[in-house]
Amino acid sequence: MDSLHPNDAILASPTSGLHADSVFAHLHRAPEDPILGVTVAYNKDPSPVKVNVGVGSYRTDEGKPLVLNVVRQAEQKLVNDRSRVKEYLPIVGLAEFNKLSAKLLLGADSPAIRENRVTTVQCLSGTGSLRVGGEFLARHYHQPTIYIPQPTWGYHPKVLAGAGLSVKTYRYYDPATRGLNFQGLLEDLGSAPSGAIVLLHACAHNPTGVDPTIQQWDQIRQLMRSKELLPFFDNAYQGFASGDLDADAESVRMFAANGGECLVAQSYAKNMGLYGERVGALSIVCKTADVASRVESQLKLVIRPMYSVPPIHGASIAATILKDRDMYNEWTIELKAMADRIISMRQQLFDALRARGTPGDWSHVIKQIGMFTFTGLNSEQVAFMTREYHIYMTSDGRISMASLTSKAVPHLADAIHAAVTMLSESVTSRVSS
């Protein structure tokens, strides 16, 4: 056979030629992300009265993104330090950040930390921490089935299934009371196979804003320990829920006490406002220091081929704040101010709905906690609010209280009132999907 001229080889390529079909021509256009797509639609709407309560990010009462003062101080301090370099971090990340993150999570007096029974690795915010933890469990845990609450954050099943775990659900939310279905939760976990993994929201459950009481948490802990169920906490809102970093970590600390083993995915997106910096950590509390060391060695084998090493800047910001007493104290003040504004938005919306005589009991708006309120509005009502009032939110009726402003409350209340009163299907008939 004659050898091809280089130009002939190029012409013979299946991807060459201006009019040749792409090798990817068979792909269908994927739908917009159901959460991030809300903002895409909002940005396209020219209406001057539009309101976006779908975004899971904090906004000031003027509707602006907030960079904490203490974060700006920390960044300036880092910039001014001429000794800092841009070298790769170790696979497990910034050692100082990991140590301080474990302390924030488990408490300064944690026996697990004191006994070196905790391994903490820096990850790409909470989502990355979940993925690393999920892949570790899929490789090394004898029961690779994880039970997640129904409902939960929309990407929990995708992240955990993508990591190789079998995903099942347990009852959590009661649409009739818009509160916790505690009996259903206990029944479902009680019937789960021994040794199964259970995903728990440490505080400020997303999307419902419904948390167990401390007494209920203890019952859940006792049940899980009796069945040897492995807790995997998603801790995305520590300090952001109540304004108290210790109170919001109480569930995790309860499970880690007395030699309890657990995994915790930790994020600084909300409580430090470091959304785009992707700052997080995965901590695994083990029975012994030797086991913790071996666990860390295997976590490295998960991380290295996934993203090699984590980024340095965001973790350095967090570590700078966490290790400096004055900066830490300022952070807690700013954090409390954010939590208090969210609580204020809850009260304002509740008062506005009550003033309008909106049908139904809306007390769940002020009873729920954290960034989100699960309104009970169904997808038809949400679509009506978007179409007629330019209100943008997720179709499950979740509202981000952290992005609501005082100025927008009356318009949002008008929209909810109209949706509830004008549509034939009552809000109380909504069944959580």
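Predicted model: local features only at pLDDT ≥ 70, side-chain atom pairs only at ≥ 80, totals over all residues.

1. Val23, Phe24 and Leu27 make a nonpolar patch of about 320 Å². Phe24 lies in the loop that runs between helix H1 (6–12) and helix H2 (36–44). With a relative accessibility of 56%, Phe24 counts as exposed, since the cut-off for that is over 50%.

2. Helix H3 passes a simple geometry check. Its 12 residues, 69–80, should span 16 Å at 1.5 Å a residue, and the 17 Å between the end C-alpha atoms agrees with that. Which residues of H3 are buried? They are Val70, Val71, Ala74 and Leu78. Viewed down the axis of H3, these buried residues fall within an arc of 105 degrees, so they line one face of the helix.

3. Helix H12 (313–323) and helix H13 (325–356) are included in what covers the buried residues of H3. On the face of H3 turned away from its buried side are the exposed residues Arg72, Val79 and Asn80.

4. Is His156 buried or exposed? His156 is buried, because its relative accessible area is 0% and the cut-off is under 20%. Apart from neighbours within four places in sequence, His156 is in contact with Leu130, Leu199, His201 and Asp234.

5. Next, the charged pairs: the count comes to 15 salt bridges. One of them joins the side chains of Lys336 and Asp340, at 2.9 Å from N to O. These two residues are 4 apart in helix H13, so about one helical turn separates them. Lys336 is partly exposed at 36% relative accessibility, and Asp340 is partly exposed at 33%.

6. Helix H13 holds another such pair. Arg354 forms a salt bridge with Asp351, with 3.5 Å between the closest N and O atoms. Being 3 residues apart in H13, Arg354 and Asp351 are also separated by about one helical turn. Here Arg354 counts as exposed at 57% relative accessibility, whereas Asp351 is partly exposed at 30%. As background, an α-helix has 3.6 residues a turn, so residues three or four places apart point the same way.

7. Finally, Glu388 forms a salt bridge with Arg387, their closest N and O atoms being 3.4 Å apart. Glu388 is partly exposed at 44% relative accessibility, while Arg387 is exposed at 53%. Elsewhere, salt bridges with shared partners join Arg131, Glu135 and Arg139 into one network.

Notes. Residues numbered from 1 in each chain as written. Heavy atoms only, no water. Patch = residues over 30% accessible without salt bridge, like charges linked within 9 Å, V, L, I, M, F, W, Y side chains within 5 Å. Areas by Shrake-Rupley, 256 points an atom, 1.4 Å probe, with all protein chains shown as cover. Salt bridge = Lys/Arg side-chain N within 4 Å of Asp/Glu carboxyl O. Buried < 20%, exposed > 50% of the residue type's maximum accessible area, 1.4 Å probe, protein only. Expected span 1.5 Å × (residues − 1). Arc of directions from axis to C-beta. Contact = heavy atoms within 4.5 Å.
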